[in-house]
Amino acid sequence: MTDFTVGERLLLHLYRYKDLDQNEIYNIPWELTQDGIATTLRISRAHASIELKKLKGKDRVTEYQAHVKGGKVKRYVYYLNTNGLAAAYEVQKKADDAGVDVKSLLDLKCQDPTAVFDSMTPNDRFALGCACAFRIPVPLTILKEHESSVIPSDVSGMTVISKDVRDKYLSAADPKEVRSWHLFAAEQWMDNTTELKGYDSRFRDTERIYHLIMCGMKKEACKKISLCRYDIQYLDDRELFDALMTIDSYPERYALDVMSLKCEMAINLKEYKIAREIAEEMTGTVVLRGEEDEMSGEADGYAYLAEIYTLRGLKEEAERCISMIRESDSAMARLTLADIFIDMGRYRDAIDEIEGVGMIPRKNAHSVFRRFYVTAKLKMAISRDADADIGKTELLPNIPPTESDIAKAISKAFSSSNEKEKTMLLAMAKSYGYEDAFRECGSS
């Protein structure tokens, strides 16, 4: 294969912008700046400066200041002049004659990832790998110990790596290296509160769980899931779901929480077969969370099965699961069932489930709050449904679904919870959208 010098690759890069109006000084592509050139060619900014100086010495580029897209100040940009266009044309012809696609010389997505990694120093390789591990654009400053010019980025200093490129490069690297890159990302989502401060706790938790799984720290991921699953269980996140499905064994104390999250996400993604298999497994799962704290997944498993069968239109199977739930003494399962009935428009059945729960022990913090939430949802559903056959307020449980009442319920449950329950209760309050109630509870 024909070799191309950095200077030739620079000419080919600028040649791609030969049709831009050189009299234009606004909205100029960032790729025409010195930083943009360095990133495209994966060389240092200093190296780009040297190469541009050579081309200016040969009278092949024109340099002037302009407003770059996304930038707030003018920057120096570079165009090929008449001599440069002629020189670039000859390099283009050289590539064509050799059967070389110019994109393979300039675009990361068109290059062989193994060759790209092998051409880098260990620090640069680690930097690019970590940039690929992150699922979203992140500031280059996170990788401040490495050469930023090897990582595709934009004028604001954020990484620019598509999912296709990310997957391509991660799959080409050594699995041990990939795990180290995901570990770096997991640590950033946990510890970096300055450069990643714009992301809320729910998003940070989601990303940390994903990277913990991908770096092989599945026990730690399970522990984190147990603390915040109510905060993330409604996400429509295929990548996270696929990662979760690689967890095939769990520490006993976290098993039901992990299985519940898997089941919830499978339902969200309409993976009903997978959701059914997980729910069926839950019905036969009993875990110990302490010497005397035994917890069964039977009722919750049947609640999920009832929802799955209902969504699939299998009424007879759904009714069978509903009867199993009603025979249980699980307040949360019956409240989950009430939630399902509300979605089905079966308001009378929802009322029966809420009233059937009876008195909930104060220590059952999640059920205390869930009862307030389901009742509020039921009242709102009936008020919106013009065809509802139940419209009399007195038929509903006497629990006013006001923000103040919900805040009091959260605070009451919060005060009688242990540390883990407090964390999960606050996550649940947020996931249901009661931000004001959450803040009031959190400050109490």
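Trainee: Which residues of H17 are buried?

Mentor: In this model, which is a predicted one, the buried residues of H17 are Ala331, Met332, Ala333, Arg334, Leu335, Thr336, Leu337, Ala338, Asp339, Ile340, Phe341 and Ile342. That is 12 of the 14 residues of H17, and the helix is accordingly described as mostly covered.

Trainee: How far apart are the end C-alpha atoms of H17, and what should the helix span?

Mentor: H17 runs over residues 331–344, and at 1.5 Å a residue its 14 residues should span 20 Å, which agrees with the 20 Å between its end C-alpha atoms.

Trainee: And what follows H17?

Mentor: Gly345 comes after H17, and its phi is positive, near 80°.

Trainee: Let me step back to the whole chain. How many helices and strands are there?

Mentor: The chain holds 22 helices and four strands. Of its 444 residues, 49% are buried, and if you take the contacts with a separation of 6 or more, 63% of them join residues 24 or more positions apart.

Trainee: Where do the nonpolar residues gather, then? Which ones have the most contacts inside the largest core?

Mentor: The largest nonpolar core has 62 residues, and Leu244, Cys263 and Leu378 are those with the most contacts inside it. Helix H13, residues 255–268, gives this core its largest share, which is nine residues. Another core, of 32 residues, lies apart from it and includes Tyr17, Ile28, Ala48 and Leu52. As general background, nonpolar side chains in soluble globular proteins tend to be buried together.

Trainee: Stay with H13 for a moment. Is it enclosed or open, and why?

Mentor: H13 is largely enclosed by the rest of the structure, because 13 of its 14 residues are buried. The length of H13 also agrees with expectation, since 14 residues at 1.5 Å a residue should span 20 Å and the end C-alpha atoms are 20 Å apart. Just after H13, Lys270 takes a positive phi of about 60°.

Trainee: How does H13 pack with H15, and at what angle?

Mentor: H13 and H15, the latter covering residues 298–311, pack at an angle of about 10°, and their axes are 11 Å apart. That angle makes H13 roughly parallel to H15, because angles under 35 degrees are counted that way.

Trainee: Which residues meet there?

Mentor: On the H13 side they are Ser260, Cys263, Glu264 and Ile267, and these meet Tyr304, Glu307, Ile308 and Leu311 in H15. Sorted by class, the contact of H13 with H15 has five nonpolar, one polar and two charged residues.

Trainee: Tell me about Ser260. Is it buried or exposed?

Mentor: Ser260, which lies in helix H13, has 3% relative accessibility and therefore counts as buried. Leaving aside residues up to four places away in sequence, Ser260 touches Arg229, Met282 and Tyr304.

Trainee: New topic: phi. What is the phi of Asn27, and where does that residue lie?

Mentor: Asn27 has a positive phi of about 55° although it is not a glycine, and it lies in the loop between helix H1 (6–15) and helix H2 (34–41). With 54% relative accessibility, Asn27 counts as exposed, because the cut-off for that class is over 50%. For context, most residues other than glycine have a negative phi.

Trainee: What about Asp59?

Mentor: Asp59 also is not a glycine, and its phi is positive at about 55°. Asp59 sits in the loop between helix H3 (45–57) and strand E1 (61–67), and its relative accessible area of 44% makes it partly exposed.

Trainee: Last one, helix H7. Which residue is Gly129 paired with across the sequence, and what does Gly129 touch?

Mentor: Gly129 lies in helix H7 and is buried, with a relative accessible area of 0%. Gly129 and Tyr169 are 40 residues apart in sequence, yet their C-alpha atoms are 7.7 Å apart in space. Not counting residues up to four places away in sequence, Gly129 touches Phe117, Leu170 and Trp181. Asp124 is in H7 too, which covers residues 122–133, and at 10% relative accessibility Asp124 counts as buried. Between Asp124 and Arg42 there are 82 residues of sequence separation and 9.8 Å in space, C-alpha to C-alpha.

Technical notes
Residues numbered from 1 in each chain as written. Predicted model: local features only at pLDDT ≥ 70, side-chain atom pairs only at ≥ 80, totals over all residues. Heavy atoms only, no water. Helix = DSSP H or I, 4+ residues; strand = E, 2+ residues; numbered from the N terminus. Expected span 1.5 Å × (residues − 1). Buried < 20%, exposed > 50% of the residue type's maximum accessible area, 1.4 Å probe, protein only. Core = buried A, V, L, I, M, F, W, Y, C linked by side-chain atoms within 4.5 Å. Axes fitted to C-alpha atoms, helices over the stretch in contact; angles between N-to-C directions. Parallel < 35°, antiparallel > 145°, perpendicular 65-115°, else oblique. Contact = heavy atoms within 4.5 Å. Nonpolar A, V, L, I, M, F, W, Y, C, P; charged D, E, K, R; others polar.
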